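Hello,

I am handing over the structure we talked about. Please look at it first, then read my notes below.

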Amino acid sequence: MSNTASRLRRSIALLTLTVAAVGLAGCGGTSASPATGDAPNANRAAAAQGISSDLNLEQCGKETRTIKHDLGTTTITGTPKRVVALEFSFVDALVAVGMAPVGVADDDKPERIIPGLKDKVGNYKSVGLRATPNIQVLTALKPDLILADSGRHKAIYAQLSKIAPTVAYASLNGNYQQVMDSEMSAAIALNKCDQMKARLAEHDKILTDLKAKAKSGETRKALFAVSSDKEFTGFPPKAYTPGVLALLGIKSPLADDSGDATVSLTLETVVSTKPDIMFIAGQTGDTLADTWEKSPLWKQIPAVKDNATYKVDQNVWSRSRGLVASELIAQEAVKNLYGN
């Protein structure tokens, strides 16, 4: 309990010393530098290695803020009003500070916005796929700020910046700490530092209380995976969801030596990994995991033997990434494993 509380407090402290981000057109003088390969996490296509060393907390509360982000530097004056979020974690950041996006890249599937966010987002315009947002629709929204993914949207960063000041952080392949950092950074961009600090303190308490309900000295290891009709994808310790579980004292059985955000697993690999617990997210309909369940090998997995395999919502456990998502993940894990 004390170790986890201390770790969470360190996380919040780091969050308030985080990479800040932003740009804002129509709110005063704004400038954005070109994307640079030297920017932190600019080329990250794998799990994050830690937080950036670039600190911009001193920009909080300033009318004009000069802030570094993964793909450049932006100076923003005033407070943005019309914000487009190109990843679900940025929707979370907006809701956390009492704002709602005018546009969201929701994959044309509004149901992917998770409970806890959906009722606070209200009406917005879909700008299409997260991987390839619809530029024409996005332009028509006349945003004054775009929140983008530094990996996914690096190639269109310049194009997005012509529409509105654009800031980018690792979301798709960001680890827990990196995503939390981006929430604070977005708040600096939005001129909402105090609101985010209060929300982060609330988040700290929620996870600390959940850790108190978990088993002390937990030794079981939990595999989080996403199963489709053709693939069974595991998430190593550096990935986002295993990072949330680690805060509860639940470690991953996968190797922590590759730096990859995900790893494709065979049935034989899962058997040899010997997970004590499995949380499996997947599409509706038959998946590869459903096929494997018919194999004698499947029954050799400790999690299957001990009836500790749980099907979970991919939107919550994989796609969303943010304060609300991590709290829902932790709550579900504690309930399934400890009955609380």
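Helix α6 passes helix α7 in a right-handed crossing. The helices are DSSP runs of H or I with at least four residues, strands are runs of E with at least two, and both are numbered from the N terminus. α6 covers residues 176–189 and α7 covers residues 193–213. Their axes come within 8 Å and cross at roughly 155 degrees. That makes α6 roughly antiparallel to α7. The cut-offs are: under 35 degrees roughly parallel, over 145 roughly antiparallel, 65 to 115 roughly perpendicular, and the rest oblique. Axes are lines fitted to C-alpha atoms, for helices over the stretch in contact, with angles from 0 to 180 degrees between N-to-C directions.

Which residues of α6 and α7 meet? On the α6 side they are Y176, M180, E183, M184, A187 and I188. On the α7 side they are C193, M196, K197, L200, H203 and L207. Contact means heavy atoms within 4.5 Å.

**Basis**

This is a predicted model: local features need pLDDT of at least 70, side-chain atom pairs count only at pLDDT 80 or more, and totals for chains, interfaces and linings use all residues. Residues are numbered from 1 along each chain as its sequence is written, and side-chain values use heavy atoms, with hydrogens and water left out.

**Whole chain**

The protein chain has 13 helices and 13 strands. Of its 340 residues, 56% are buried. Buried means under 20% relative accessible area, exposed over 50%, and partly exposed in between (1.4 Å probe, protein chains only). The chain exposes about 14,100 Å², and carbon and sulfur atoms supply 50% of that. Areas come from the Shrake-Rupley method with a 1.4 Å probe; for residues, only the protein chains shown count as cover. Among contacts with a separation of 6 or more, 71% join residues 24 or more positions apart.

Five strands form an open sheet in the order β6-β5-β4-β7-β8, with parallel pairing. β6 (125–126) and β8 (166–169) are the edge strands, and each pairs on one side only. Two strands pair if DSSP finds at least two bridges between them. Two bridges join β4 (residues 83–85) to β5 (residues 103–104). V84 has G103 in β5 as its bridge partner.

Helix α2 (residues 88–96) lies across β4, β5, β7 (145–149) and β8. It runs at about 140 degrees to β4. Nine of the nine residues of α2 are buried, so α2 is largely enclosed by the rest of the structure. Among them are F88, F90 and D92.

**α8**

Helix α8 (residues 240–247) is mostly covered, with seven of its eight residues buried. These include Y240, P242 and L247. Just after α8, G249 has a positive phi of about 90 degrees.

**Two to check**

K274 is not a glycine, yet it has a positive phi of about 55 degrees. K274 sits in the loop between α9 (267–273) and β12 (277–282). Is K274 buried or exposed? K274 is exposed, with a relative accessible area of 56%.

R321 is not a glycine either, and its positive phi is about 55 degrees. R321 lies in the loop between α12 (314–320) and α13 (323–338). R321 is buried, with a relative accessible area of 3%.

Best wishes

How values were computed
A crossing is left-handed if the near helix is turned anticlockwise from the far one by less than a right angle, and right-handed if clockwise.
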